[in-house]
Amino acid sequence: MVFLERCLKYESKVNPLRLYLRNGFKDSLRIYVKGGAGGNGYPKFGGVGGQGGSVVAVGREHITLEDLCRCNQSRRFIAKNGTHSTHNFILGPPGESLKFEVPLGVTIYTDEGKKLGEVNKEGDEVIVANGGKGGHPKNGFLGIKGQAYNVKLDLKLIADVGLVGFPNAGKSTLLKAISHAKPKIASYPFTTIRPNIGIISYPDFRQISVADLPGLIEGAHANRGMGHEFLRHVERTQLLLVMADINGFRLGYQYVHRNCLDTIVLLNKELELYNPDLLSKPKLMVINKMDTVTDHQHFHNVRDKILNISDVLKSYPEEMRPEIPFVFDDIMAISAKESVDDVNLLKNKIRHLLDVHNEIKKKKELEEKAEFIANLRHNLGERGPLVV
Ligand SMILES: Nc1nc2c(ncn2[C@@H]2O[C@H](COP(=O)(O)OP(=O)(O)OP(=O)(O)O)[C@@H](O)[C@H]2O)c(=O)[nH]1
Ligand SMILES: [Mg+2]
């Protein structure tokens, strides 16, 4: 713990999302946890043993799963046993709990897949293994063992914006253009093999984090390609930025060429198959590589079709057709590589959309609260006034 505190002091001035860039990216970790055993009771005086300590995960902003490995290389987290009851201490003191720090966005599962809890905010605590009860008259004065098992820490990034698209669409190129991130960029598919995070910094010091994910291909839901397993990282983003290449995509010569609209329909289908809730998020459509086409009418055609997607989908085979069609907040045409103006416009659009949706969310929460209070008042009124 002391070492961890030292690590944290050193890291405390660094933006937590930047830590992922520096430390590489680990999004899953298996550890062993063991709650302390309860202390034995003292039959002669009816003494009760101390409760065993628990193992508790605590959410901390400035930490990564790599830090956790570095600070506890054995990956064993064991709490202290409760003290036996004696003639001096009829009630045995409880064992000390072991608290360890985990990054925000971690969900903890047992090997059987049971979810123990989520850590989403600074200071959130999840009891990962309970300590055993102390021995007392009803259990024959024998302390009970604490829970002991392996658990998996699954990290979902908490970025503001998630970049999704087919491979080669230019997602990493965009991330590089809007932030100081240095993702690998190349003209072949699947250049990005793990999520990258970049921070957009605005002149008024506002910062917005963007997660660039490996490209998705059709059939991703059936584990084709590698994008699917990373989709969980967009589950907690507030805005989805869907990116498509105006020229479409072809995985290789043995595969069919998908035009720009096809790739958007296929992305729609893949996101829906992964988790339909993703489709209710605010979404921005960005058509990239506009510098490669001379005729902008092509973009307008694609945009018109996206706006009429329900009709357009009728012409697609059933297996490609999503049930919940994309509805975008806006559709933009850019050249991530060649146009600084386009990139700046996009940066401002991202900020604007996040602000608008946050306002809507806040308003909705206030309305729900007001409705709850109104219902409460109504119910109390029916039962007559409260007498205190
Ligand atoms: N002409 C042009 N080329 C672009 C543009 N944006 C990206 N590219 C090129 O497209 C290729 C793929 O770009 P990436 O940024 O690696 O694409 P990606 O979507 O991150 O690809 P994956 O990581 O494989 O999913 C690279 O050769 C880029 O230079 C653009 O606006 N115009
Ligand atoms: Mg990439």
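## Legends to close-up views of the predicted model

View 1. Residues are numbered from 1 along each chain as its sequence is written, and chains are lettered from A and ligands numbered from 1 in the order in which they are written. The chain holds eight helices and 14 strands, helices (H or I, at least four residues) and strands (E, at least two) being DSSP runs numbered from the N terminus. Its radius of gyration is 27 Å, well over the 21 Å that the globule rule gives for 388 residues, so the chain is more spread out than a compact globule; the radius is taken over C-alpha atoms, and the rule is 2.2 Å times the number of residues to the power 0.38. Along its principal axes the C-alpha trace spans about 95 × 60 × 45 Å.

**View 2. The shell around ligand 1.** Of the 25 residues around ligand 1, Gly170, Ser172, Thr192, Gly215 and Lys337 come nearest, where a residue is near if its C-beta atom, placed from the backbone, lies within 6 Å of the molecule. Helix α4 (residues 171-178) gives the most to this shell, with three residues. By class, the shell holds eight nonpolar, 12 polar and five charged residues; Ala, Val, Leu, Ile, Met, Phe, Trp, Tyr, Cys and Pro count as nonpolar, Asp, Glu, Lys and Arg as charged, and the others, Gly among them, as polar.

**View 3. The open sheet of five strands.** The strands follow the order β3-β1-β8-β5-β6, with mixed pairing, two strands being paired if DSSP finds at least two bridges between them. Because β3 (76-78) and β6 (115-119) stand at the edges, each with a single partner strand, one side of each is left without a neighbour in the sheet. The twist averages 25 degrees from one strand to the next, with axes taken as lines fitted to C-alpha atoms, for helices over the stretch in contact, and angles running from 0 to 180 degrees between N-to-C directions. Strand β1 (residues 28-34) runs parallel to β3 and is joined to it by three bridges, with valine 33 opposite phenylalanine 77. Strand β5 (residues 106-110) pairs with β6 in the antiparallel sense over four bridges, and threonine 107 has glutamate 118 as its bridge partner in β6.

**View 4. The open sheet of three strands.** Here the order is β4-β2-β7, again with mixed pairing, and the edge strands β4 (98-103) and β7 (125-129) each pair on one side only. Strand β2 (residues 55-60) pairs with β4 in the parallel sense over six bridges, and alanine 57 stands opposite phenylalanine 100.

**View 5. Two loop residues with positive phi.** Arginine 75, in the loop between α3 (65-71) and β3, has a positive phi of about 55 degrees although it is not a glycine. Asparagine 168, in the loop between β9 (161-165) and α4, likewise has a positive phi, of about 70 degrees. Arginine 75 is partly exposed, with 13 other C-beta atoms within 10 Å, whereas asparagine 168 counts as buried, with 23 C-beta neighbours inside 10 Å. A residue is buried if 20 or more other C-beta atoms, placed from the backbone, lie within 10 Å of its own, exposed if 12 or fewer, and partly exposed in between.

Notes. This is a predicted model: local features need pLDDT of at least 70, side-chain atom pairs count only at pLDDT 80 or more; totals for chains, interfaces and linings use all residues.
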